[in-house]
Amino acid sequence: MEYISLKGTISSTIKVVSFTPYLVRFELKTSEQSYNCLVAKDAFNFVYLAQEGAPISIFGHFNKRHQLIVDKYHVKNGIEILSAVR
């Protein structure tokens, strides 16, 4: 199995394609091309963190259908906790 490491942006909406097991799909756009990606490990947390247009770094491998199976990811998200100052 050959592993690959990529950086890019999430260029589609994050879609849940299966609930048992929990499986999430998105499209990764790099400077060279686009990849169809699937997240199974820690997918519930991925749905919370990831947004369309967010920068992402992934590490994974390709399956027989040439989909990129994500083993590890890091999403730079825009989730901020605002505190009210009075």
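This is a predicted model: local features need pLDDT of at least 70, side-chain atom pairs count only at pLDDT 80 or more; totals for chains, interfaces and linings use all residues.
Helices and strands are taken here as DSSP runs, numbered from the N terminus. In these terms, Asp42 is found in the loop between β4 and α1.

The phi angle of Asp42 is near 60°, a positive value in a residue other than glycine. His66 lies in the loop between β5 and β6 and, at 55% relative accessibility, counts as exposed. A cis peptide bond joins Thr20 and Pro21, with omega at about -5°. Pro21 is placed in the loop between β2 (15–19) and β3. For background, most residues other than glycine have a negative phi, and most peptide bonds are trans.

A search of the whole structure finds one salt bridge. The partners are Asp71 and Lys41, whose closest N and O atoms are 3.6 Å apart. Asp71 lies in strand β6 and Lys41 in the loop between β4 (34–39) and α1 (43–49), so the pair ties together parts that are 30 residues apart in sequence. In general, side chains of opposite charge can pair when their charged atoms come close.

Asp71 is buried, with a relative accessible area of 18%, whereas Lys41 is exposed, with a value of 51%. Strand β6, which holds Asp71, spans residues 68–75. The side chain of Asp71 also makes a polar contact of 3.1 Å with the side chain of His61. Leaving aside residues up to four places away in sequence, Asp71 touches Tyr3, Lys41, Phe59, Gly60 and His61.

The largest nonpolar core has 18 residues, and those with the most contacts inside it are Phe26, Phe46, Ile56 and Ile58. At least two residues of this core are supplied by each of β1 (3–10), β3 (22–29), β4, α1, β5 (55–62) and β6. The largest share, four residues, comes from β6. With residues up to four places away in sequence not counted, the contacts of Ile56 include Leu6, Ile10, Phe26, Leu28, Phe46, Tyr73 and Val75. Among the other residues that Ile56 touches are Lys7, Thr9 and His74. In soluble globular proteins, nonpolar side chains tend to be buried together.

Note on methods: Residues are numbered from 1 along each chain as its sequence is written. Side-chain values use heavy atoms; hydrogens and water are left out. Buried means under 20% relative accessible area, exposed over 50%, partly exposed in between (1.4 Å probe, protein chains only). A polar contact is a pair of N or O atoms within 3.5 Å; within protein, one must be able to donate a hydrogen and the other to accept it, and residues adjacent in sequence count only if both atoms are side-chain atoms. Contact means heavy atoms within 4.5 Å. A salt bridge is a side-chain nitrogen of Lys or Arg within 4 Å of a carboxyl oxygen of Asp or Glu. A nonpolar core is a set of buried Ala, Val, Leu, Ile, Met, Phe, Trp, Tyr and Cys residues joined through side-chain atoms within 4.5 Å.
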